[in-house]
Every structure is written in structure tokens, then in C-alpha cells.
Amino acid sequence: MDGNIFPAWTSTVRDLLPLALGGGGLFVATLVTFGFSPKALSVGYSPEQPVPFSHKLHAGEMGMDCRYCHNTVELGAKAAIPPTATCMNCHERIRTDSELLAPVRESAASGLPIEWNRVHDLPDYVFFDHSAHVTRGVGCVECHGRIDTMDQVRQEKPLSMGWCLNCHRDPEGAMRPLDQVTNMTWEAGNQAALTEDLRAARGRDLAPPTTCSGCHR
Amino acid sequence: MSSQYDLQILQEIEDPTIRPKLIMGESTTYASLDNDVIGIIEGFTQKTSIVWYLMIGATLSVLTMLGGIVAYLIATGVGIWGNQSPVFWGWPIVNFVFWVGIAHAGTLISAILFLLKQDWRTSINRFAEAMTIFAVCCAGLFPGIHVGRMWVVYWLFPIPNQMEMWPNFRSPLLWDVFAVGTYATISLLFWYMGLIPDLATIRDRATTKLRQGLYAVFSMGWTGSSRHWHRYEKAYLILAGLATPLVLSVHTVVSFDFAVAQLPGWHTTIFPPYFVAGAIFSGFAMVNTLIIPIRSIFKLQHIVTLRHLEVMNKVILATGSMVGYAYAMEFFIAWYSGNPYERFVFENRAFGNYAWAYWTMVSCNVIFPQLFWIKKIRRSVPAMLCVCILVNVGMWFERFVITVSSLSRDFLPGSWNYFKPTVFDYLTFLGSFGLFFTLFLLFVRFLPMIAISEVKGILYKQNHTGH
């Protein structure tokens, strides 16, 4: 033992090391927890579409029912993206010379579909079924947010597994009378009474699966 | 393999008036102990170094092969192994239990024997603890690569996540993660703490700046002041107390992996004590297997004496007999239970399609260790090395018999199948030895194999008797 091996400043490093390691660990944990969360990564996704179709105009101001275009929601797993023909039902006569609608007319003429960009995209191993939700009284707005106020559709909810499970474990708050499913502004007057009614009317429909195979096959 | 010290012990032991010393050699002093042990690290320039480089070259090649296999496994899937319906727990789990079992000797020697004030532990505890940690590394590898999707292996741990998905807390497989994790942590801490005074000795003897600096960092400013020693010994005692229940708990929980499942051949209450005894049995056999060549290569026969080896042989004999008792009791209970499935499994084990494995296991684990009743064999270095290697083989077969033979013929004869390992099963197992021995050779090269400071305490006791 003759004297010190390391210069004096290394003691400061040594003393700060636990702080750095602890703080670094905390930083990484926080970063992963919040930064990697779908709330941060997916919410707000709003790609530009080939045609600037405005839900705000169609569903909001003009009050078109969601099911006029997405006509398979009550019958099948997927909420259909309408074919160009659906657009042309009206636009054959309305705004026939609009620049913005040129791709729609082109598509109608050529028969090639418009390539819309998917906004709400679940992983392929999730078998989400629109009809199972819509016919049991889960409103569109619960998962898609106020589409009727969006010019360009954006993802409002995280659509993470935890977020799905929250509702599957306690679904009553997200349910409404069947005739109000597509109503974007509906609010429960008396949630407790509504829950009672829902229970009486639809017993087992109020028990969505929370097992793995409920959504993954 | 027998040295002058071994011969001296053989003479002394026949004379009831002499008790052979734990640390031998007339001229053994504190300084000579330092030279003998740390000299191995410092003097690594001559003959030993060529052998060492050759050996680590070999083990590194095997380790590299393991890396290649794991990469291929991740790219391809667990189908490269022989795991096939109904034997989904094939060699990976067998190897896992094999290595965890070996890992038991270290803590038993360092914690339980410390609390029982068994002085002979000091010569072998560092060695056994190192072996424990390396064996746990090998054990940890197998569940990690057996899960199929290794990139989500962190799902083994209950980490909050956006899926709100948790491991099944009722599953012994999760308990296993905690049991082995705790064991690895405590063993590592225990080992490292014991190393600190010795690392400081190496630091103080160092002749090069690099060595001095490195060992200074890892000895954490140890000066050997009485205040340091006072705290060190308290902490060591506390760690020993904490580690003691782990010796029993880890392999108990490992046995739950089997015992909690409702499969005849697995679902038995004898499993926890039986597994713990088997683990200590295999661990001591591995310590002996490794230390016998090491003590003669590095001339440590006066520190790890024949007396140490004999004591370990006695532990092997005792635990081997317990294991033998457990084998017999399993059969008795299978008969006594009157359960036809249980009876079938055990008849099948001894006389069915895996009879060859069963009788290999019985001869290696029950019959050969009984030779240690004979003094001559217990005290003969070559003989004990043979028995210890056989025990290692036998204990691997024990896990193979339990895992594979029970699964391959379950309730439904229609699903019966015979497990065939693939070349990747063999190579993965071989690869784990590459990992083990690479770590071991690094240990031999860079760390003191003997707990010098503790052995010095024994030397002091030995030289200051009669008050």
C-alpha cells in the first residue's frame, strides 16, 4: 500500500456512479414506458389520402350515416371501404367538374380502385370483428373518436391490447342503445339506469371475452 | 495424480493420535499461500500458458458453435431439436435442470457449511462458487432459447406493458424465473464479496499498471483495516444466512416445474427433497471432477488436500444414498397408490422403451457411489474421479428419464412416441459445456482459485492451538 492508485477526481466519478446508473435506469424505464407506448407512437397518425375526402363535411355537416358507405359493419368483420361506385352515386351529379374529385372520376372510368391509406390498422394476429361490436351497441365513436369533426381522418385511440382489454373487462360504460350506435354525439343520460336496461335486455352479450383466443386464434 | 501430501495424509489417517491438517506443508505461511495462489495468475507466462491457450481455444470454438446454433435456432425455430409431440420438453429442459443442479454445490459449501463452521470449506468454496455461477449461466441459457420466440423472452418477467399481459402467477415456470434469478444474484454477490480481500492482495502485489488498476477497481478500495474486516464479516454472515434457504428453495421450485403438473411420473410430493439431494449430489461430483485435475496442474495439493476430497466423497455418498432412496420410494408409492397410470409409468421406466436410460441412471447414481463406503476407493484420486464423472453422467440421465420417459408415454396410447434427439440437441448440449469451460478458464486465469484470506484464517487457527 503505497499511496493512491487513481487520481483524486476518480472519487467524484465513483460517488456519482450510483446516481448515474440509477438515474440512467430510471430514464430508460420512463422512455420505454411512455415513449414506446402506442399512445405516443400510434395516436395522431393521419396519413394524407389520394382524395381529400372530408368526414367532417359528409358525416358531420351533411349528417350522412356511417353505414351508407361502410355498409358491412353490421354484417362482417370488416367495415368496408366503399368502392368508387358508392361515391359516384352522388358525385355523378354533384360537383362533376371539381378538381379534387378528378381521381374519383378517373377510378370510376377505369375501374381501378382508389388506393386509400389505412388509418386504423390492427396487427394481423388480432381478429377484430366490427359486427360483433356494432350489433351489441358499441358506438363507432368509442374506437374511432369524433370522425365527424375530422377533415382528414386521424387515429384518436391507442388501439393497444391493454386499451382493448380495459373495455372487455368492464364494457358497460362503452355501450349504448342499438339505435344510437352511429350517433357521434350521443351521451348516456343516466348511466346506471342504462346499464340496468342493457343487462336486462342483453344478458350474456355484456360479457366480452378476455381470454387469449377471444381475439387471437 | 497423487502427490507427496496425499501420501502423507494416507499415512497420518491410519494413526488415531494424529488429525491430518487442513492446510499442509511445513513451510506454508501467509506469504507462501499468496505465492501459491496468486502466483498462478502472475506467473502465467511459462508452460501453463500454452496449455491454457490451447484449452481456451478449444472451449471458445465450442462456444462459437453454440452461438451459431442459437442463431440458427432463432432464425428457424425450435423444430431443429427433437422436441416432438408428446415430448415437448426434451433436452433443453433436461440440460437446464442438469446445470441448475450442478449449481447447488457452491452455495451449500459457502453458506451452509459456513454457518456450521466447517473449516474445510475454505479451500474449495471460491472454486465451488465460481462453478455455481457458471453453471447458472448455462442453466439460464436453456429456458431462454427454448421459449421459441427469443425476442420476447422478457415476457418471462412481470413487466408492465401496453398489452396488460402478465405471466401466469400460478405457474411454477414463473416461480422458477424468480427462484433461479434470486439464486444467481445472491451467488454472484456472495462470490464477489468473498473475492474483494483477495483482489486487493493481487492489486497490492501487482507489478504492472494495468493489473494494479483493474484489480483496484474491483477490490473497491479495500484496505484491510479492522473496520473493513468487521463490516465484511458481518455482511458475509448476513449473506450466508440469506443464501442458506436458497440452497433448498431453488431446486424445490425447479422440481415444482414437474411436480405441479398432473402427469404420472412427475406429480409426486417426494420431488422437492429428492431434487435438492440430487442437486447437491451432482454439484459435489462436479466440484470434485474439476478440482482434481486443477489441484494437480497448479500444484495446490497442500491446500486442497486428500482430506478435502474425502469429505466431499462422503457428501456424495450420503446424497447419493438419498437419491437412491427416492428412486425406490417412487416405485413403492406407485405400487402403494394403486393408481394404474402411476404404476404403468414406473413399470415403463424400468422395463419399457427407456429402460436403457433408467438403468444407466441407477448404476451411475446409486450403485457406483456406494463404492465410497470402501476407504481405499474413497481415498484414491483416480477412483474418485471415475465415480464423480459417472455421477455427472448419471444425473444428466436422471433428468432425461424424468422428463422424457414420463412424457413419451402419457395417458393416451395413441399419442405415444419415442423421443429422438437431433444433431442440434447434441451440439447445443456440447455448446453449453463450451460456455461453462470458457468461463471457467477465464476464472482460473484472472481470479484467485482459493479464498486466500479465509485459508489464512484456518492456517492461523491450525498454528495456534492448545489454549
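I started with the contacts of A350(B): leaving out residues up to four places away in sequence, A350(B) touches A355(B) and Y358(B). (I call two residues in contact if their C-beta atoms, placed from the backbone, lie within 7 Å.) A350(B) sits in helix α12, residues 340–351 of chain B; helices here are DSSP runs of H or I, at least four residues, and strands are E runs of at least two, numbered from the N terminus.

The cut-offs: buried is 20 or more other C-beta atoms within 10 Å of a residue's own, exposed is 12 or fewer, and partly exposed is in between.

A note on the source: this is a predicted model, where local features need pLDDT of at least 70, side-chain atom pairs count only at pLDDT 80 or more, and totals for chains, interfaces and linings use all residues. Residues are numbered from 1 along each chain as its sequence is written, while chains are lettered from A and ligands numbered from 1 in the order in which they are written.

Next I looked at α9(B), residues 226–259. Its 34 residues should span 50 Å at 1.5 Å a residue, and the end C-alpha atoms are 49 Å apart, which agrees. (Expected span is 1.5 Å times one less than the number of residues.) I saw a bend of about 30° at L246(B), a bend being the angle between axes fitted to the seven residues ending there and the seven starting there. L246(B) is also among the buried residues of α9(B), which include V250(B) and F258(B). Their cover includes α4, α7 and α15 of chain B.

I then checked α7(B). It bends by about 40° at I196(B), and a proline, P197(B), follows within four residues.

For α4(B) and α15(B), I noted axes that come within 9 Å and cross at roughly 140°. That makes α4(B) oblique to α15(B). Axes are lines fitted to C-alpha atoms, for helices over the stretch in contact, with angles from 0 to 180 degrees between N-to-C directions; under 35 degrees is roughly parallel, over 145 roughly antiparallel, 65 to 115 roughly perpendicular and the rest oblique.

Most residues other than glycine have a negative phi, and most peptide bonds are trans. I found a cis peptide bond joining S85(B) and P86(B), with omega about 0°. K299(B) has a positive phi of about 55°, and lies in the loop between α10 and α11 of chain B.
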